[in-house]
Amino acid sequence: QHWKFIQSMAPEFRGIAPEDLPLYAREDGIFVCREDADKEASGSQLLASKKLPLSVVNDDFCDCPGDGSDEPGTAACSQGRFYCRNVGSAPQTIPTSLLN
């Protein structure tokens, strides 16, 4: 069900690499920055303040300054990465600072 939601949000969620899709399709319906998801996966408890609504994704405000994972399709985070499918050639990941 969350995958259908992600597909319906595709325009807002541009720039997401396939390996990062689980960050945006968690079963609890929240978004967690990549660095916090890694901590959670290793058994650490997350603070409530680290759990964000999906509406923070690509809203042009950097909620994840450590990794930029909430802004894959904007230049809001200096650490962000934009995934370009590059249809007809090889996919590439570029710094979001190069987006306009």
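Cysteine 77 is buried, at a relative accessible area of 1%, where buried denotes a relative accessible area under 20%, exposed one over 50%, and partly exposed the range in between, computed with a 1.4 Å probe on protein chains only. The model is a predicted one, in which local features need pLDDT of at least 70 and side-chain atom pairs count only at pLDDT 80 or more, whereas totals for chains, interfaces and linings use all residues. Residues are numbered from 1 along each chain as its sequence is written, and side-chain values use heavy atoms, with hydrogens and water left out.

Cysteine 77 is joined to cysteine 62 by a disulfide with an S to S distance of 2.0 Å, a disulfide being a pair of cysteine sulfur atoms within 2.5 Å. The torsion of 115° about the S-S bond makes the link of cysteine 62 and cysteine 77 right-handed. Both cysteine 62 and cysteine 77 lie in the loop between S2 and S3, so the pair ties together parts that are 15 residues apart in sequence; here helices (H or I, at least four residues) and strands (E, at least two) are DSSP runs numbered from the N terminus.

The count of disulfides comes to two. In the link between cysteine 33 and cysteine 64, the sulfur atoms are 1.9 Å apart, and the value of -80° about the S-S bond makes this link left-handed. Distant parts of the chain are connected by this pair, since cysteine 33 is placed in the loop between strand S1 (30–31) and H3 and cysteine 64 in the loop between strand S2 (52–53) and S3, 31 residues apart. Cysteine 33 and cysteine 64 are both buried. When the bonded cysteines of the protein chain are numbered in sequence order, the pairing reads 1-3, 2-4. Cysteine 84, by comparison, is partly exposed, with a relative accessible area of 30%.

Beyond its neighbours within four places in sequence, cysteine 33 is in contact (heavy atoms within 4.5 Å) with Leu52, Asp63, Cys64, Asp67 and Ser69. Serine 69 is situated in the loop between S2 and S3 and counts as buried at 1% relative accessibility. The side chain of serine 69 makes a polar contact of 2.7 Å with the side chain of aspartate 67; a polar contact is a pair of N or O atoms within 3.5 Å, of which, within protein, one must be able to donate a hydrogen and the other to accept it, residues adjacent in sequence counting only if both atoms are side-chain atoms. With neighbours within four places in sequence again set aside, serine 69 is in contact with Leu23, Tyr24, Phe31, Cys33, Arg34 and Cys64.

The largest nonpolar core comprises 14 residues, and those with the most contacts inside it are Phe13, Leu23, Tyr24, Phe31, Cys33, Leu52 and Val57. Such a core is a set of buried Ala, Val, Leu, Ile, Met, Phe, Trp, Tyr and Cys residues joined through side-chain atoms within 4.5 Å. The elements giving two or more residues to this core are H2 and S1. In soluble globular proteins, nonpolar side chains tend to be buried together.

Two salt bridges are present in the structure, each defined by a side-chain nitrogen of Lys or Arg within 4 Å of a carboxyl oxygen of Asp or Glu. Arginine 34 and aspartate 20 meet through their side chains in a salt bridge with an N to O distance of 3.0 Å. This pair links distant parts of the chain, arginine 34 being in helix H3 (residues 34–41) and aspartate 20 in the loop between helix H1 (2–8) and helix H2 (21–24), 14 residues apart. Aspartate 20 also forms a salt bridge with arginine 81, their closest N and O atoms being 3.4 Å apart. In this case aspartate 20, in the loop between H1 and H2, is linked to arginine 81 in strand S3 (residues 81–84), 61 residues apart. Aspartate 20 is buried at a relative accessible area of 11%, whereas arginine 81 counts as partly exposed at 40% relative accessibility. Through shared partners, the salt bridges join Asp20, Arg34 and Arg81 into one network.

Most residues other than glycine have a negative phi. Asparagine 58 counts as buried at 13% relative accessibility, whereas aspartate 60 is exposed, with a relative accessible area of 55%.
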